[in-house]
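Here is a short note to read alongside the model. Please check each point against the coordinates.

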Amino acid sequence: MPDTSPTPDALDRATDAVPAAIFHGAGGQAVRPCTPASVTRRHVRMLDVRPGMNVLEIGTGSGYSAALLAHLVGSSGSVTTVEIDTRLARRAKQLYAAHAFPVDVVVGDGLVGRPGDGPYDRMFVGTTPPDVPGAWLRQLAPDGVLITGVRVGDLPGAYAVARITVDAHRRPAHVGIHHGGYTPMSAPGATAPLTQATGSGKPPCAIALLGARSGASAAALLAALDGKPHVEPTTAPGGSWLPRPRAFSKPPSPTVPASVSAPSTTADRMPHSSPTDS
Ligand SMILES: C[S@@+](CC[C@H](N)C(=O)[O-])C[C@H]1O[C@@H](n2cnc3c(N)ncnc32)[C@H](O)[C@@H]1O
C-alpha cells in the first residue's frame, strides 16, 4: 500500500528538532503566560518563514516560538526576540545558550518594535497591543508579513489574531483575521491589578474588572451597557495603523469622531481580560 502521509515540511522538521518540553518544562506549563505549542506552531506556519530571513519576535515567553523560528531561518538568517519581563528574558537566554539556539534576546517594550535594527522579513507578536503600531509596519521589509494578536471592538475579552502583509513598497497589502487570541501587552512597570469604572446612570452602577491594568476597557464596557459612545485612547507608536474590527455597532460620538484617537497616556495602553490561546 502506498504511503499517503504528507511529506514532512520545514515546520515539521523544526518541531522534531525543537522539543517544546525544553521551554515549557517537563510538566508542559513551566512559565506563564505560555502559549500551547500547537497554537504557536499554527501561527508560525502562517508566518511562512524561510531560510535566511531576518525575524523579529515580540513576547519571548517560554522561548519556544523563537527557537522554532531560529531553526526555520537557519544559519543564514537571524532571530531577535523582545521580552518586557526580565526574568523571562533571562530564562530564555540561558535555555538558548544551553541548547545552542542562535536567538538574540532583548529586554524591552516591544510596542516600539526594534527601531534601527530592521527591516524584518517577518514579525511575530505573541501578545496583543492596544492597537497595531504603525512603527511595526515601517520595520517590515518589502513583502514582509506580521502576525499579531489584535483586539476586536472595544469590549474586554474580544481578541483575534491578524496576519498582515505589506507589498513591495511596504504598503499594507492584506489583513487576514484569524481565530485565537494572545494576552494583552504589558506596559513597562504596570502592576495595578484592578480597574473600576463608575457610571453616571441611574441607578448608579460600577464595573470592576479583575486583572485590568487601566480603566479603558472597563469604561468601554460601561459605556456599551449605558448605550453611550466611547472612544479609547491609543499609545501605538507612530499612530494606530489597523482600525480595530468592531464587534458591534455603536452610535457615533457627538464630540469625538470614532476614528480619532484621544491623546495617549501610559496608563491607558492596556486592554485586559483573558484571551483564548495564552
Ligand atoms: C503569550 S506569551 C508569548 C509566548 C511565546 N510565544 C512562547 O512560545 O512561549 C506573551 C509574552 O509577551 C510578553 N510581553 C507582554 N507585553 C510585552 C511588551 N510590551 N513588550 C515585550 N514583550 C511583552 C509577556 O511577558 C509574555 O512573555
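1. Core. The largest nonpolar core has 48 residues, and Val55, Ala67 and Leu69 touch the most other members. Such a core is a set of buried Ala, Val, Leu, Ile, Met, Phe, Trp, Tyr and Cys residues joined through C-beta atoms within 7 Å. Buried means that 20 or more other C-beta atoms, placed from the backbone, lie within 10 Å of the residue's own. Helix α4 gives the largest share, eight residues.

2. Basis. This is a predicted model: local features need pLDDT of at least 70 and side-chain atom pairs pLDDT 80 or more, while totals for chains, interfaces and linings use all residues. Numbering starts from 1 along each chain as its sequence is written.

3. Val55. Leaving out residues up to four places away in sequence, Val55 touches Val49, Leu69, Val73, Gly77, Val79, Tyr120, Asp121, Arg122 and Phe124. Contact here is C-beta atoms, placed from the backbone, within 7 Å.

4. Sheet. Seven strands (DSSP E runs of at least two residues) form an open, mixed sheet ordered β3-β2-β1-β4-β5-β6-β7. Pairing requires at least two DSSP bridges. β2 and β3 run parallel over five bridges. Val79 faces Val103 of β3.

5. Ligand shell. Among its 26 residues, Gly59, Gly61, Ser62, Gly110 and Gly126 come nearest. A residue counts if its C-beta atom, placed from the backbone, lies within 6 Å. α4 (64-73) and β2 (78-83) each supply at least two shell residues.

How values were computed
Helices (H or I, at least four residues) and strands (E, at least two) are DSSP runs, numbered from the N terminus. A residue is buried if 20 or more other C-beta atoms lie within 10 Å of its own, exposed if 12 or fewer, and partly exposed in between; C-beta atoms are placed from the backbone. Two residues are in contact if their C-beta atoms, placed from the backbone, lie within 7 Å.
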